[in-house]
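Dear colleague,

I am handing over the structure below for your records. Please find my notes on it directly after.

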Amino acid sequence: MSRYRGPRLRVARRLGDLPGLTRKTARRAYPPGQHGQARRKRSEYAVRLEEKQKLRFNYGLSERQLLRYVRKARRASGSTGQVLLQYLEMRLDNTVFRLGMAPTIPAARQLVNHGHITVNGKVVDIASYQCRPGETIGVRNRDKSREMVKANLQYPGLANVPSHLELDKNNLTATVNGVIEREWVALSINELLVVEYYSRMA
């Protein structure tokens, strides 16, 4: 299943607040569809599936991409759920979003794909690029690129820049000082349920 390109508010109404997907807030507090207001007793599988979908839609991943990240996290040392979140948060598109250079992750992905973002002075147009401690993220030295990012920085998607990133607004550069800590993940999610979902699938 490829990346979702449909109405974002519909997803936010079903899954709850997804800060990376959209800045809009739904007028209706119940899920979309004919049975949105009906009380439902959700099975354990449904609860785990919902947590997995939150992760997928917030970070804009296909099912195959997310499965690949889960397998990679399993091989790494440490808590699989936390390592999975770190991999997703350290993606270049998400890092650009967390710096406030783009209002949402899809907008950040577009900035990266169109060659507006540099890593260590070189243009990187791969949204899934894993940012590493010590790297410098900047904006390409073109008027169009700089104007877009300056405009976005005035109204960032999230108020606070995470502790592992250091932003220099004047020069439009940022330094990655480390790996993100769990409490700085903006998405409200139980990552253990995501790991459980895939352990039962595999």
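This is a predicted model: local features need pLDDT of at least 70, side-chain atom pairs count only at pLDDT 80 or more; totals for chains, interfaces and linings use all residues.

Residues are numbered from 1 along each chain as its sequence is written, and side-chain values use heavy atoms, with hydrogens and water left out.

Five strands make up an open, antiparallel sheet, ordered β2-β1-β3-β5-β4. Strands are DSSP runs of E of at least two residues, helices are runs of H or I of at least four, and both are numbered from the N terminus; two strands pair if DSSP finds at least two bridges between them. The edges are held by β2 (122–123) and β4 (165–168), each with a single partner strand, so one side of each has no neighbour in the sheet. Strand β4 is joined by four bridges to β5 (residues 173–176), to which it runs antiparallel. Within this pairing, Leu165 has Val176 of β5 as its bridge partner.

Leu165 is also among the contacts of Thr95, a residue of helix α5 (residues 92–98). Contact here means heavy atoms within 4.5 Å. Beyond residues up to four places away in sequence, Thr95 touches Glu89, Met90, Cys131 and Ile137 as well as Leu165. Thr95 has a relative accessible area of 2% and is therefore buried (buried is under 20%, exposed over 50%, partly exposed in between; 1.4 Å probe, protein chains only).

The largest nonpolar core has 41 residues, of which Leu55, Leu84, Leu92 and Val96 touch the most other members. Such a core is a set of buried Ala, Val, Leu, Ile, Met, Phe, Trp, Tyr and Cys residues joined through side-chain atoms within 4.5 Å. Helix α4 (residues 80–89) contributes the most to this core, with five residues. Excluding residues up to four places away in sequence, Val96 touches Met101, Ala102, Ala108, Leu111, Val112 and Ile117.

In helix α3, the buried residues are Gln65, Leu66, Tyr69, Val70 and Ala73. They lie on the same side of α3, because they cover an arc of only 140° around the axis, taken from the directions from the helix axis to the C-beta atoms. Arg64, Arg68 and Arg75 are exposed on the other side of α3. Lys72, also in α3, is partly exposed at 32% relative accessibility. Outside four places in sequence, Lys72 contacts Tyr87 and Gln130.

With kind regards
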